[in-house]
Amino acid sequence: MAETILEVKNLKTKYVTRFHENVYAVDDVSLKVEEGKSLGIAGESGCGKSTLALSVMGYYFAPLHYISGDIIVDGTNLSGMNPDKVRKNILGNEIAYIPQSAMNALNPTQKIISFVEDVIHAHEPKKSKKDIYDLARERFEVLGLPEDVLQRHAVELSGGMKQRTVIAISTILSPKVLIADEPSSALDVTSQKLVIRMLREMMEKGFIKSMVFITHELPLLYNVTEDIMVMYAGQIVEHGSAKEMVFDPLHPYSKGLMGSIIVPEEGIREHRLTSIPGTPPNLKHPPEGCRFAERCAYVTPACRGFRPDMTTLPNGRQYRCVMSERKIREVYDHE
Ligand SMILES: Nc1ncnc2c1ncn2[C@@H]1O[C@H](COP(=O)(O)OP(=O)(O)OP(=O)(O)O)[C@@H](O)[C@H]1O
Ligand SMILES: [Mg+2]
């Protein structure tokens with residue numbers, strides 16, 4: 001059986017604002033990623049994807065606070081750990097994290113090789129500059145990045161090259177998990193493809209053992225991750241294989257996110273950028289019942305008074321809706 005690299009159980013976290021209000025941005029999230037596998041997380045802006053990434057990394061610095069749940073990385077439970085200890089011992093070598101817009105955060109006056117040195121020295125302070133250079137050159141070469149990039153400054157690189165460089169730097173210590181938050185969203189289509197190809201290569205070559213890929217574009221994940229979770233208002237509302245989620249979404253929110261005309265033999269033929277009417281609920285006061293009820297085309301009075309649990313189907317697929325799978329299919333078939 002494949003080894004579980006990352007397991008999150010019933011994780012709840014919140015922001016506490018300057019006005020002492022609680023924002024429940026991650027509410028009872030569970031997930032699992034096995035060795036050699038990748039998980040995609042999709043959802044609209046503000047649904048809690050980046051907060052989930054920080055929470056899974058044990059990055060509990062104000063205003064983000066841990067409430068409850070477990071985060072287990074290759075057998076080590078991070079949930080009770082001091083965030084400074086997590087930052088020092090876990091981040092970079094056990095978990096690599098590529099924040100949203102990471103490529104724009106590179107100090108433009110620093111050479112690329114010095115970022116690599118920073119990452120390595122944080123965990124191996126005695127490693128010589130020559131050994132670091134040799135390691136970086138070899139890794140960059142395998143990933144299709146020319147050696148001379150190491151001597152350049154971030155401003156001298158194109159967007160796509162900069163993003164691939166950031167990914168290569170962040171994973172130089174071959175972490176167990178890579179959490180990439182919207183790594184391709186700001187790029188043109190060609191650069192997006194190169195970034196995704198590089199991430200897949202890194203998985204194949206064992207430079208990373210597992211990956212969590214966050215995006216607001218559900219269809220994009222079809223070619224990127226094995227499994228997909230859809231997140232809405234701080235909760236996971238559906239989980240399945242990439243194929244199931246893209247071609248046969250069950251939850252009305254996932255269906256709305258797909259917003260596509262799908263021809264199974266041909267893949268995704270056309271992706272219309274339809275937006276789901278309405279806006280996500282305020283996470284300071286999440287609704288009593290189903291969080292998607294206000295925007296759902298299939299809402300019934302029961303949805304507003306009843307908070308649906310996750311239903312797990314015999315094949316492991318999960319969704320959070322008051323409707324049975326049969327009822328959902330019936331409703332969709334009648335459209
Ligand atoms: N520092 C903060 N303090 C208080 N609330 C915050 C803070 N950062 C985010 N939030 C709130 O937490 C919720 C989740 O935000 P988050 O950034 O995780 O969403 P996201 O899915 O990553 O969105 P995007 O696609 O725009 O990156 C939102 O309601 C947001 O307003
Ligand atoms: Mg985000």
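Predicted model: local features only at pLDDT ≥ 70, side-chain atom pairs only at ≥ 80, totals over all residues.
Strand E1 (residues 4–16) and strand E4 (residues 64–73) run antiparallel, joined by eight bridges. Strands here are DSSP runs of E, at least two residues long, and helices are runs of H or I, at least four long; both are numbered from the N terminus. Two strands pair if DSSP finds at least two bridges between them.

Residues are numbered from 1 along each chain as its sequence is written, while chains are lettered from A and ligands numbered from 1 in the order in which they are written.

E1 also pairs with E2, again antiparallel, through nine bridges. Leu 11 stands opposite Val 29 of E2. The two strands make a hairpin, with five residues between them. In that turn, His 20 has a positive phi of about 60°.

Now look at the open sheet. Eight strands build it, in the order E6-E7-E8-E3-E9-E10-E14-E13, with mixed pairing. Its edges are E6 (95–98) and E13 (311–312), and each pairs on one side only. E6 runs parallel to E7 (residues 177–181), with four bridges between them. Ala 96 has Leu 178 of E7 as its bridge partner.

Finally, turn to the ligand. Ligand 1 has 16 residues around it; Tyr 15, Ser 45, Lys 49, Ser 50 and Thr 51 come nearest. A residue is near if its C-beta atom, placed from the backbone, lies within 6 Å. Helix H1 (49–56) gives the most to this shell, three residues.
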